[in-house]
Amino acid sequence: MKKRNFLRKPKIIVILGQTATGKSDLAVKIAKKVNGEIISADSRQVYKGLDIGTGKITKKEMKGIPHYLLDVINVKRKFTVAKYKELTEEKIKEILARGNTPIICGGTGFYIDAITKGIIFPEVPPNIKLRKILEKKSLTELLKILKKLDRRCADNIDTKNKVRLIRAIEIAKTLGKVPTAEATPPPYKFIKIGLFLPTDKLKKKVEKRVKKMFKDGLLNEIKKLKKEGISDKRLKELGFEYYNPTPETVITETLKYAKRQITWFKRDKEIKWFDASKSVIIKRL
RNA sequence: GCGUCGGUGGUAGAGCGGUCAAAUACAAGGGACUGUAAAUCCCUCGCCUUCGGGCUACGAAGGUUCGAAUCCUUCCCGGCGCA
């Protein structure tokens, strides 16, 4: 009995899915039942000061459950998946050491996969200077550069995707070549719970949520960011909520994003999906 | 009422005798994704298809022409100007 427990991989609960489906709520509920501690998986909630626009959970809503990977960096700086992976793996270990259950909760599929599939990122941090130079070049120019550095990679890359081309060059320049995709399965057992809503219900939920966002002072949040010296360009990067938002644009953009999220999650067959409008869930675990 | 400009695919909007099922953008649908990921990129997008093509389409009906979204006539609808 004892032996089997010892050999079993520690369990980690993952709650993912579309925006506005109530992931945070569910995470807190589950955390209460299983001595859980929550790690956010949201590429924007990591920033301090992006609260209303990102729909960040409030202190009150946390109901005393510890939350991590929220507010870990200044908006002026840039966060990356690799950093996310590093910090999250650290947190997982800490939580497990305490004898609690880590719960990863969020909608950024790439971040979740980084943890869950153990993606190994080549150790080449972004080179802003280089990127600035490369950005001015055309696709064919970039491809030519990459071809010289790493023929094989150039033959396989999406030649129309500038962002990817630039990153490949960045890696090849420092490593000599671009390593093939790598991953090591993490020593955990992930239980993936996906939340979704039927289109009409999602729409209503998003509308409600966006209205509340404006009522809660999204515009003030933006004003504050601007006062802190955040440029328009940066605000744009932070998402459609942060650049000249109106309730209409935010609603339609959110819905579009929700669809893209589904495209991402669809290919992960380990996810167990639940209709968030039907309040079943929990139980075993 | 007269004059004038216009009516094009889900929307906006090109085309103004053949190369037009109709540029482009957006919306929609599908997909990719290994350090920007709410990012970035790709495909499909009238109907049918044995993927060669076939059929129906640019407000409506006629007409001119070998050939019309494109020219003419009438009608219907909308904007503007004059009464």
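Helices α4 and α5 sit oblique to each other, a label for angles that are not under 35 degrees (roughly parallel), over 145 (roughly antiparallel) or 65 to 115 (roughly perpendicular). They pack at about 50 degrees with axes 9 Å apart, α5 covering residues 109-116; axes are lines fitted to C-alpha atoms, over the stretch in contact for helices, and angles run from 0 to 180 degrees between N-to-C directions. Val-81, Tyr-84, Lys-85 and Thr-88 of α4 meet Phe-110, Tyr-111, Ala-114 and Ile-115 of α5, contact being C-beta atoms, placed from the backbone, within 7 Å. That set splits into six nonpolar, one polar and one charged; Ala, Val, Leu, Ile, Met, Phe, Trp, Tyr, Cys and Pro count as nonpolar, Asp, Glu, Lys and Arg as charged, and the others, Gly among them, as polar.

This is a predicted model, where local features need pLDDT of at least 70 and side-chain atom pairs pLDDT 80 or more, while totals for chains, interfaces and linings use all residues. Residues are numbered from 1 along each chain as its sequence is written, and chains are lettered from A and ligands numbered from 1 in the order written. Chain A averages a pLDDT of 93, with 95% of residues at 70 or above; pLDDT is the predictor's confidence in each residue, from 0 to 100. The model scores ipTM 0.91 and pTM 0.91.

As for RNA strand B, 42 residues surround it, the closest being Ser-43, Ala-82, Phe-110, Phe-121 and Ala-181; near means a C-beta atom, placed from the backbone, within 6 Å. α13 gives the largest share of this surface, nine residues. Helices (H or I, at least four residues) and strands (E, at least two) are DSSP runs, numbered from the N terminus.

Definitions and conventions
Contact = placed C-beta atoms within 7 Å.
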